[in-house]
Amino acid sequence: MAAVMLSSAPRHVLSPIFPPPDNQVPPPTALPKRGPTFRRLPSAVLRSAIRSIYLPESTSAAPFPGALGSSRSDWQTNCAILASKAASNSSSSSSSGGDNAGAASNEPSSSNDGNHYHLVSPTPVNGLKQNSATLDLVPVANLPRPLSISDLSPSPKHGSSVRVAYQGVPGAYSEAAAGKAYPNCEAIPCDQFEVAFQAVELWIADRAVLPVENSLGGSIHRNYDLLLRHRLHIVGEVQLPVHHCLLALPGVRKEQLTRVISHPQALSQCELTLTGMGLNVAREAFDDTAGAAEYVANNGLRDTAAIASARAAELYKLQVLADGIQDDSGNVTRFVMLAREPIIPRTDRPFKTSIVFAHDREGTSVLFKVLSAFAFRDISLTKIESRPHRHRPLRLVDDANVGTAKHFEYMFYVDFEASMAETRAQNALAEVQEYTSFLRVLGSYPMDMTPWDASSSSPSPPTPPSS
């Protein structure tokens, strides 16, 4: 009865893990068996998602013309093609042994039940029958290799330079800071601070060097906001003495000037000196100091001067009308180095850690409790900066007697002198987390301990990258 049922109705094999008949041995190149994990699916899904292998009663049956696997032998052949590279390597040796050694019989045997097949080694890749569908397979040796992280941004090899993004154009102080942080680096100029962040995130640059505060002008708030918006990590800091110069086109005198352009920080750092020089000039903000010098040179502006570095004067062929015009000789800008991955904190040298937190609790003692977590452990704070919460700028407080009050919500940026590898720093942050609704470590990194001379000339430019 079983034989009659098998011969009268076709059978669909949904997966190559179905075993062959009892007296047959799976071909050596068949797919390996997996665990018996089967799930019943609707027939419509099976027809669309799984290629059915039709086992006809006779070789004349072809219910799926032009489809792969119109017979059991073709099914075994295609499995061998797709599952094993050994079939292509052994095709020549198999064909030399005779046609019978490498072909699968497609005719049923003359047994009583009529359902036993003669299974031998599958047809080699280059020896498919004429009536079987062929596959245009790419040779194994020519298959493309998947991309990896190292392909997107390979680590600098020995003798190669690190790619460092900075805001500005060549001649900017950020370029000099990049050269101090990473000697012989390949400096990549960016027109905006956010572009420098994105250059590192998109693997265009390995590092970014951006200013965060100046000893005269204070904090660069834009970069503090970007530190919270992006997921980069602070991996170092560098302090750079700033030496400003008043630059103009060759032959221009101070009396001819009607306008001075530069970065807002540079204008504020030279405000008293410009007033003392008796210049009746308008002061206009520009994107960066070196960009202002480039703008004067490219447009031939004989009534406009720029505040920039001496290196910018050399690059853009400008003359120095006044040297060292900053209001304070101890003018220093602090830069931070950013990377995609944090560094491992250590205790063998002075480290600094930067965090940002917010709290949403009532009362005036929350900030005191947060700061006392560092004071009780003798951890020195080097900076605390408050910035309005971008997503929750105001908090409403209802009082039946005085009405509704509006309080600003702040994000607090704190730098303290300790490494996250120290137990006291870990315990301090664990206590801070109890009082805050948000806490993030921006980075734990070595402090810049290099000496500098306030009376020195402008910082030396970075060494050009080797070709």
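Visitor: Does S444 count as buried or exposed?
Guide: This is a predicted model, in which local features need pLDDT of at least 70, side-chain atom pairs count only at pLDDT 80 or more, and totals for chains, interfaces and linings use all residues. Residues are numbered from 1 along each chain as its sequence is written, and side-chain values use heavy atoms, with hydrogens and water left out. S444 lies in strand 19 (residues 438-446), where helices (H or I, at least four residues) and strands (E, at least two) are DSSP runs numbered from the N terminus. Because buried means under 20% relative accessible area, exposed over 50% and partly exposed in between (1.4 Å probe, protein chains only), S444 at 9% relative accessibility counts as buried.

Visitor: With which side chain does the side chain of S444 make a polar contact?
Guide: A polar contact is a pair of N or O atoms within 3.5 Å; within protein, one must be able to donate a hydrogen and the other to accept it, and residues adjacent in sequence count only if both atoms are side-chain atoms. A polar atom of the S444 side chain lies 3.2 Å from the backbone nitrogen of M420. The side-chain partner of S444, at 3.0 Å, is T353.

Visitor: What is the relative accessible area of N184?
Guide: N184 lies in the loop between helix 8 (173-181) and strand 4 (186-190), and has a positive phi of about 60° although it is not a glycine. Most residues other than glycine have a negative phi. N184 is partly exposed, and its relative accessible area is 44%.

Visitor: Does D378 count as buried or exposed?
Guide: D378 is placed in the loop between helix 15 (366-375) and strand 15 (381-388). Its phi is near 55°, a positive value in a residue other than glycine. At 65% relative accessibility, D378 counts as exposed.

Visitor: Which strands stand at the edges of the open sheet of five strands?
Guide: The sheet has the order 10-9-11-8-12, with mixed pairing, and two strands pair if DSSP finds at least two bridges between them. Each edge strand has a single partner strand, so one side of each is left without a neighbour in the sheet; these are strand 10 (282-285) and strand 12 (319-323).

Visitor: Which residue in strand 12 is the bridge partner of C245?
Guide: Strand 8 (residues 245-248) and strand 12 run antiparallel and are joined by four bridges. In strand 12, C245 has as its bridge partner D323.

Visitor: Which helix is helix 9 roughly parallel to?
Guide: Helix 9 (residues 193-201) packs at an angle of about 30° with helix 10 (residues 221-229), their axes being 10 Å apart; axes are lines fitted to C-alpha atoms, for helices over the stretch in contact, and angles run from 0 to 180 degrees between N-to-C directions. Angles under 35 degrees count as roughly parallel, over 145 as roughly antiparallel, 65 to 115 as roughly perpendicular and the rest as oblique. That angle therefore makes helix 9 roughly parallel to helix 10.

Visitor: How far apart in space are Q269 and H244?
Guide: Q269 lies in helix 11 (residues 264-269) and, at 4% relative accessibility, counts as buried. Not counting residues up to four places away in sequence, Q269 touches residues including H244, V242 and N331, contact meaning heavy atoms within 4.5 Å. Q269 and H244 are 25 residues apart in sequence, and their C-alpha to C-alpha distance is 8.8 Å.
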